[in-house]
Amino acid sequence: MSKKKPGCKKKYGERFDLGDAETWHKPDETTQIQQTTRKGRLLNITILAWHQMLMRGTKHQKMYRHPFTLLRINVTDNTNQSLWKPMWLIVIGEQRGEISPTVANHCYRQRFDIEHIL
């Protein structure tokens, strides 16, 4: 007969550290798109998406009640050199499943441009 461990059930999956690729499990979705800048430069955008992710919260904000989609966006040029550090985004909310990784990236880029103009 096995003894039960005290405490509540495990809410979180395996450890996932953004800075340590060894801890990442296989992404649920991979999207690759190409985009041309105004100056004609071709950009290759790779978006990795992990769905139904959970993170630790606080005593007052129980984040395990709010699953999210985690996105890693990497932009390379035509020589496959990364142009910037990869960007991490989360999509959270009841309708997160209706937002594709491509749309999430596009919306963030628009918001980023607007916020830096003001």
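Modeller: Setting aside neighbours within four places in sequence, Thr76 has contacts (heavy atoms within 4.5 Å) with Leu42, Leu43, Asn44, Gln81, Ser82 and Leu83. The model is a predicted one, in which local features need pLDDT of at least 70 and side-chain atom pairs count only at pLDDT 80 or more, while totals for chains, interfaces and linings use all residues. Residues are numbered from 1 along each chain as its sequence is written, and side-chain values use heavy atoms, with hydrogens and water left out.

Thr76 belongs to strand 3, residues 68-76. Helices (H or I, at least four residues) and strands (E, at least two) are DSSP runs, numbered from the N terminus. With a relative accessible area of 8%, Thr76 is buried; buried means under 20% relative accessible area, exposed over 50%, and partly exposed in between, with a 1.4 Å probe and protein chains only.

Strand 3 pairs with strand 2 (residues 42-53) in the antiparallel sense, over eight bridges. Two strands count as paired if DSSP finds at least two bridges between them. Within this pairing, Ile73 of strand 3 stands opposite Ile47, and Leu71 in strand 3 is the bridge partner of Ala49. Pairing of this kind runs through backbone hydrogen bonds, either parallel or antiparallel.

Strand 1 is joined to strand 2 in the antiparallel sense over eight bridges, with Gln32 opposite Thr46 in strand 2. The hairpin of strand 1 and strand 2 has five residues between the strands, and Gly40 there takes a positive phi near 90°.

Next, the nonpolar packing. A nonpolar core is a set of buried Ala, Val, Leu, Ile, Met, Phe, Trp, Tyr and Cys residues joined through side-chain atoms within 4.5 Å. The largest one has ten residues: Leu43, Ile45, Ile47, Ala49, Leu71, Ile73, Val75, Leu89, Val91 and Ala104. Strand 2, strand 3 and strand 4 are the elements that give two or more residues to this core, and strand 2 supplies the largest share, four residues. Apart from this core lies another, of six residues, among them Leu48, Met53, Phe68 and Leu70. In a regular strand, side chains alternate between the two faces of the sheet. Neighbours within four places in sequence aside, Leu71 has contacts that include Ile47, Ala49, Leu89, Val91 and Ala104.

The aromatic residues come next. Six aromatic pairs are present, where rings of Phe, Tyr and Trp (its six-membered ring) pair if their centres lie within 6.5 Å, and planes under 30 degrees apart count as stacked, over 60 as edge-to-face and the rest as tilted. Phe16 and Trp88 make an edge-to-face pair, at 6.4 Å centre to centre with 85° between the planes. This pair links distant parts of the chain, 72 residues apart: Phe16 is in the segment before strand 1 and Trp88 in strand 4. Phe16 is buried at 19% relative accessible area, whereas Trp88 is partly exposed at 24%. Trp24 and Trp50 have ring centres 5.9 Å apart and planes at 70°, so this pair is edge-to-face. Trp24 is in the segment before strand 1 and Trp50 in strand 2, 26 residues apart. Trp50 is buried, at 1% relative accessibility. Ring pairs join Phe16, Trp24, Trp50 and Trp88 into a cluster.

Two backbone values remain. Most residues other than glycine have a negative phi. Gln52 has a positive phi, near 55°; this residue is in strand 2 and is exposed at 54% relative accessibility. Asn80 also has a positive phi, near 70°. Asn80 is in the loop between strand 3 and strand 4, and is exposed, with a relative accessible area of 62%.
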